[in-house]
Amino acid sequence: MTMETKETNETNKTNKIKETNQILVKAQGLYSIYEGLEGANNVVALRGLNLEMKKGEFVAIVGTSGAGKSTLLRTLGGLQKPSAGSIRYFGRDISRMSENELVPIRRSTIGFIFQEGNLMPELSGFDNVVRTLRYSGVGFSEARKRARTILDRLGMTSRMHDLPHRLSGGEQQRIAIARAISNNPSLILADEPTGNIDAQNTEQVMQLFKELHKELDTAFLIVTHSQHVASFADRSLELSDGMIIGQHGAGSDIYSLEESRSVIISENGTRLEYDIPEEWPETDPVDTLSIILILPAIAVFTIMKRRKYSKNSLFH
Ligand SMILES: Nc1ncnc2c1ncn2[C@@H]1O[C@H](COP(=O)(O)OP(=O)(O)O)[C@@H](O)[C@H]1O
Ligand SMILES: [Mg+2]
C-alpha cells in the first residue's frame with residue numbers, strides 16, 4: 001500500500017466516524033398546544049420536549065394512547081408547526097419555515113409511514129412508488145426502474161400492479177415502506193406502522209425494517225407497541241403526557257420498563273439522570289452474605305454431628 005492510499009484510507013475512516021456521530025435531528029423545547037374549541041380547555045400535547053437523534057440511529061417510541069406520540073412525529077416531520085421550540089435537521093431549523101421551503105426538505109430528508117392511508121387508492125402499488133419519485137423530480141424511466149428495484153427488494157414483484165384495496169394490510173404497508181424509502185431519506189418516521197395488521201405480517205414488516213436499517217444509511221423513529229421492534233432498536237424513548245419520561249437501552253422489555261429506565265424527566269420538564277451503575281452486580285449482595293454466614297455454620301454442624309456419631313459408636 002502506498003503512503004498516499006494509506007492516508008486516504010485513514011481520512012475516509014475518520015470521515016466515516018464523524019459521519020456516523022453526526023446529529024441528524026435535534027428538537028429543543030418543543031411545545032404543541034391544540035386550542036380547545038368554544039371555551040374548552042387547550043390540550044398541551046408536547047411539553048417542552050427535547051430529543052436528539054444521530055445519523056443512522058434506530059429509535060423506538062413507546063407510550064400510552066394520548067401521550068403525544070403522533071403529535072411528536074408529525075411535528076418532527078414538519079407536517080405540523082410546533083407552538084414553541086426548534087427542530088433542526090443537520091443544524092438547519094425547520095420550525096419556522098414556510099410550506100414552500102419545507103416541501104423539498106421533507107421530500108429529500110424524511111419518509112413517512114402511518115398506520116393506514118399511506119397509498120393513493122386509485123393507483124397501483126407500482127404507480128404509487130413511481131408517483132412519489134416523480135414528485136421528487138426523478139425522470140419517468142428512472143422512476144420506473146427504481147420503483148421496480150425497490151418493490152422487488154421488498155418481495156412485492158408479483159403484486160405490484162394491483163390496486164391497494166386488492167392487497168392485504170401487510171402488503172399495503174410494504175408498498176408504503178417502498179414509497180418512504182424511495183427517495184433515500186435520512187430519516188423514516190413511522191407511526192404505529194403495524195397497528196392495523198396481524199401478528200404474522202407485523203413480524204415480517206418489522207423484520208424488513210431491521211434489514212433495511214442495516215442496508216440503508218437511514219435512521220428510524222418508530223412509534224410501536226411491539227416488543228420485537230423495541231428489542232432491536234438502539235434505544236426506546238418512553239413518552240407520557242407530552243414529555244419523555246424515560247429512556248431504555250437496546251433489548252429492553254417494554255412490559256417492564258421500570259427495570260431499564262435510565263433517564264427521567266421531572267414534573268417541570270428538567271432532566272434528572274438516574275445513577276445507574278455500568279454493570280449490575282451478578283449476585284444480590286444479601287445472597288452473598290447469607291452464603292458466607294450459612295456455609296461455615298452447616299460445615300461446623302456436620303462435623304459436630306459426625307463426631308457425636310463416632311463417639312457413640314465407640315461406646316456401644
Ligand atoms: N387535532 C387535534 N386537536 C385537538 N387535540 C388533539 C389533536 N390531535 C391530538 N390531540 C390531543 O393531543 C393529545 C396527544 O395526542 P396524540 O399525539 O394523538 O397522542 P398518541 O399518538 O400518543 O395517542 C391527546 O390528548 C389528543 O386528544
Ligand atoms: Mg397516535
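A: Begin with one residue pair: Phe58 has Phe220 as its bridge partner in β8. This is a predicted model, in which local features need pLDDT of at least 70 and side-chain atom pairs count only at pLDDT 80 or more, while totals for chains, interfaces and linings use all residues. Residues are numbered from 1 along each chain as its sequence is written, and chains are lettered from A and ligands numbered from 1 in the order in which they are written.

Phe58 belongs to a pairing of β3 with strand β8 (residues 219–223), which is parallel and has four bridges. Helices (H or I, at least four residues) and strands (E, at least two) are DSSP runs, numbered from the N terminus. Two strands pair if DSSP finds at least two bridges between them.

Strand β3 (residues 58–62) also pairs with strand β9 (residues 235–240), again parallel and again over four bridges. Here Val62 has Glu238 of β9 as its bridge partner. Strand β9 then pairs with β10 (residues 243–249), in the antiparallel sense and over six bridges. Within that pairing, Arg235 sits opposite Gly249 of β10. The two strands form a hairpin with two residues between them, and Asp241 there has a positive phi near 50°.

In general, strands of a sheet pair through backbone hydrogen bonds, either parallel or antiparallel.

Axes are lines fitted to C-alpha atoms, for helices over the stretch in contact, and angles run from 0 to 180 degrees between N-to-C directions. Two residues are in contact if their C-beta atoms, placed from the backbone, lie within 7 Å.

Around ligand 1 are Tyr34, Val43, Ala45, Gly63, Ser65, Gly66, Ala67, Gly68, Lys69, Ser70 and Thr71. Two elements give two or more residues to this shell: β2 (43–54) and α2 (69–76). The most come from α2, with three residues. A residue is near a molecule or strand if its C-beta atom, placed from the backbone, lies within 6 Å of it. By class, the shell has four nonpolar, six polar and one charged residues. Ala, Val, Leu, Ile, Met, Phe, Trp, Tyr, Cys and Pro count as nonpolar, Asp, Glu, Lys and Arg as charged, and the others, Gly among them, as polar.

Strand β2 takes us to another sheet. This one is open too, with four strands in the order β2-β1-β4-β5 and antiparallel pairing. Its edges are β2 and β5, each with a single partner strand, so one side of each has no neighbour in the sheet. Strand β1 (residues 23–34) and β4 (residues 84–89) run antiparallel and are joined by five bridges. Lys26 has Arg88 of β4 as its bridge partner. Arg88 in turn has Asp93 of β5 as a partner, and Tyr89 is bridged to Arg92 of β5. In the β4–β5 hairpin, which has two residues between its strands, Phe90 in the turn has a positive phi of about 45°.

Finally, the helix pairs. Helices α6 (residues 169–182) and α7 (residues 199–215) pack at about 20°, with axes 9 Å apart. They are therefore roughly parallel, since angles under 35 degrees count as roughly parallel, over 145 as roughly antiparallel, 65 to 115 as roughly perpendicular and the rest as oblique. Their contact includes Ile177 and Ile181 of α6, and Leu208 and Leu212 of α7. Its residues divide into five nonpolar, five polar and no charged.

Helix α5 (residues 140–153) also comes to α6: their axes come within 10 Å and cross at roughly 130°. That makes α5 oblique to α6. Arg146, Ala147, Ile150 and Leu151 of α5 meet Ala178, Ile181 and Ser182 of α6. By class, that contact has five nonpolar, one polar and one charged residues.
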